[in-house]
Amino acid sequence: MYAILDIETTGGKYNEEGITEIAIYKFDGHQVVDQFITLVNPERPIQAFVVGLTGINNGMLTDAPKFHEIAKRIIEITEGCIIVAHNAQFDYRILSLEFDRLGYPFERTTLCSVELSQELLPGHDSYSLGKLTKALGIAMSNRHRADGDAIATVKLFKLLLEKDPEKTIITKAIRSFPKKHMDTKLKDLIRSVPSETGVYFMHNVNGTIIYIGKSKNMKKRLTQHFTNDNRKSKQIQDQVETVTYQTTGTELIALLKENEEIKRHKPKFNRALRRTKFKVQLTHYTDSEGYIHLKTERADGRKESITTYSNSMSAKANLERIIDSYDLCQNMTMYNEKSGNCFNYTIKKCNGACIGEESPESYNQRVQAFLDKHSYKNKSMVIVERGRSSIERSVVLVEDGVFVGIGYYKPDFQLNDLETLKSIITPMEDNRDARHIIQSYCRSRKRLKIIPLDQITN
């Protein structure tokens, strides 16, 4: 029995990908006897080039099941089967990676239809699924979608079985990928960390911190570190002796604490995170006719900015939402952090009245409304979220555009004056990265409770 499958992923760093779509056809050598096809919420963003390739975007996956919700069905449909895929090593690695994150020992034997095709169908210029099926006259639809690629692989595998009636070559091509047994020390370290949101610290034999990370599920993230086989992960696995952690209750505080602790301790395996987290900033200028324009440019801490972004794609997407929300018309100057160049980009959303069609005073009122609401300069606010338990709340304090610190309080504690509020705040360092984290977090959380500081009486 065979489980012929195809998987689409988010793309990204090796062993950090997530599944976005999976299709499995259970095949008895003659016909399909069962099938399972679904989109999957990977709980991580999809790389832009993957969206262009597959057509699957983040919005499509919001209501899709998460992997843990479909794991049992995958186990059942592949039980007792040989997994068949076009480039089986990739699909099997991704499937095993998802099960590793759940702590489940998923093990199956595999057959690669690329390898079999090269052996049984020699002489083709290309053995990519699209080109090979076209050369063989196998009808194919929905290319680069799991269902389309999987059903094409079913048709291809039928042909391969016909070419090897004694299954001599197919039997020799069956591969087994036994699980690497995790060191007992690493298993104990995973068990010592809870499945909660927080910041974790990896120490070497001398107690020196060698890596700092944050996660919404620290146990799950630690398991990823200790099962990944890239160079960095292997070095961490060899050197880690103990793991300590701090629960934070909320991802925002975890991000802020991770940022501060990395800058303080400079762990050897956090080199990338020592650098600034943002590459692009949003500014504004007034043209010769008096209209206010928005502009993105290379991040520069010496210049005053409205807000900051991790990359130009994020900036462009956010600006389109802003211009739509405030009924603006903008001839944008956009900065591309990869090329280092600027380009003009026109976004026209206003309805009948905009630049050149209404007075600068009238138009600028809408731009100013955006600036007043979103500019970080002089902003004073308290961000309130859940705490580390059901009977606790967390706060992040920003005063006059400066990040002051974080704190926790019980729901019966009254934040009715600034002095009381500051009494529960643990001071933290204000820097560009901390401000970027807060701004980005506030942009992406629509239901975040943000209280202007002037509503808390002195």
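Leaving aside neighbours within four places in sequence, glutamate 8 is in contact with Gly18, Ile19, Thr20, Glu21, Thr54, Ile56, His144, Arg145, Ala146 and Asp149, where contact means heavy atoms within 4.5 Å. Glutamate 8 belongs to strand β1, residues 2-9; helices (H or I, at least four residues) and strands (E, at least two) are DSSP runs, numbered from the N terminus. The model is predicted, so that local features need pLDDT of at least 70 and side-chain atom pairs count only at pLDDT 80 or more, while totals for chains, interfaces and linings use all residues. Residues are numbered from 1 along each chain as its sequence is written, and side-chain values use heavy atoms, with hydrogens and water left out.

Glutamate 8 is buried yet has no salt bridge, and the nearest side chain of opposite charge, that of arginine 143, is 6.4 Å away. Buried means under 20% relative accessible area, exposed over 50%, and partly exposed in between (1.4 Å probe, protein chains only). A salt bridge is a side-chain nitrogen of Lys or Arg within 4 Å of a carboxyl oxygen of Asp or Glu. For charge, Lys and Arg count as positive and Asp and Glu as negative, whereas His and the chain ends are not counted.

Lysine 26, in strand β2 (residues 19-27), is also buried without a salt bridge, and the nearest side chain of opposite charge is aspartate 34, at 5.6 Å. Beyond four places in sequence, the contacts of lysine 26 include Met1, Tyr2, Val33, Asp34, Glu76 and Cys81.

The loop between β1 and β2 holds glutamate 17. Glutamate 17 has a relative accessible area of 6% and therefore counts as buried. Among the contacts of glutamate 17, leaving aside neighbours within four places in sequence, are Thr9, Gly12, Arg44, Arg93, Leu97 and Arg101. Glutamate 17 and leucine 120 are 103 residues apart along the chain, and their C-alpha atoms are separated by 32 Å.

Helix α2 (residues 67-78) packs against helix α3 (residues 88-102) at an angle of about 115°, with the axes 11 Å apart. Axes are lines fitted to C-alpha atoms, for helices over the stretch in contact, and angles run from 0 to 180 degrees between N-to-C directions. Phe67, His68, Ala71, Ile74 and Ile75 of α2 meet Leu95, Glu98, Phe99 and Leu102 of α3.

Strands β8, β7 and β9 form an open sheet of 3 strands, in the order β8-β7-β9, with antiparallel pairing. The edge strands, each pairing on one side only, are β8 (209-215) and β9 (242-247). From one strand to the next, the twist averages 20°. Helix α9 (residues 218-227) packs on this sheet, where it touches β7, β8 and β9, and its direction makes about 35° with that of β7. Two strands pair if DSSP finds at least two bridges between them; strand β7 (residues 198-203) and β9 are joined in the antiparallel sense over 6 bridges. Tyrosine 200 has tyrosine 245 in β9 as its bridge partner.

Strand β10 (residues 280-286) runs antiparallel to β11, with 7 bridges between them. Glutamine 281 has glutamate 297 in β11 as its bridge partner. The hairpin of β10 and β11 has 5 residues between the strands, and glycine 290 in this hairpin takes a positive phi near 95°. Strand β11 (residues 292-298) is largely enclosed by the rest of the structure, because 5 of its 7 residues are buried. Threonine 283 lies in strand β10 and counts as buried at 10% relative accessibility. Not counting residues up to four places away in sequence, threonine 283 touches His293, Leu294, Lys295, Glu297, Glu304, Ser305 and Ile306.

An open sheet of 5 strands has antiparallel pairing and the order β18-β17-β16-β15-β19. Its edge strands are β18 (425-427) and β19 (449-452), each of which pairs on one side only. Neighbouring strands in this sheet are turned by 25° against each other on average, direction ignored. Strands β15 (residues 381-386) and β16 (residues 393-399) pair in the antiparallel sense over 6 bridges, and arginine 386 has arginine 393 in β16 as its bridge partner. Helix α16 (residues 432-444) lies across β15, β16, β17 (402-409) and β19, and runs at about 65° to β15.

The chain has 16 helices and 19 strands, and 49% of its 458 residues count as buried.
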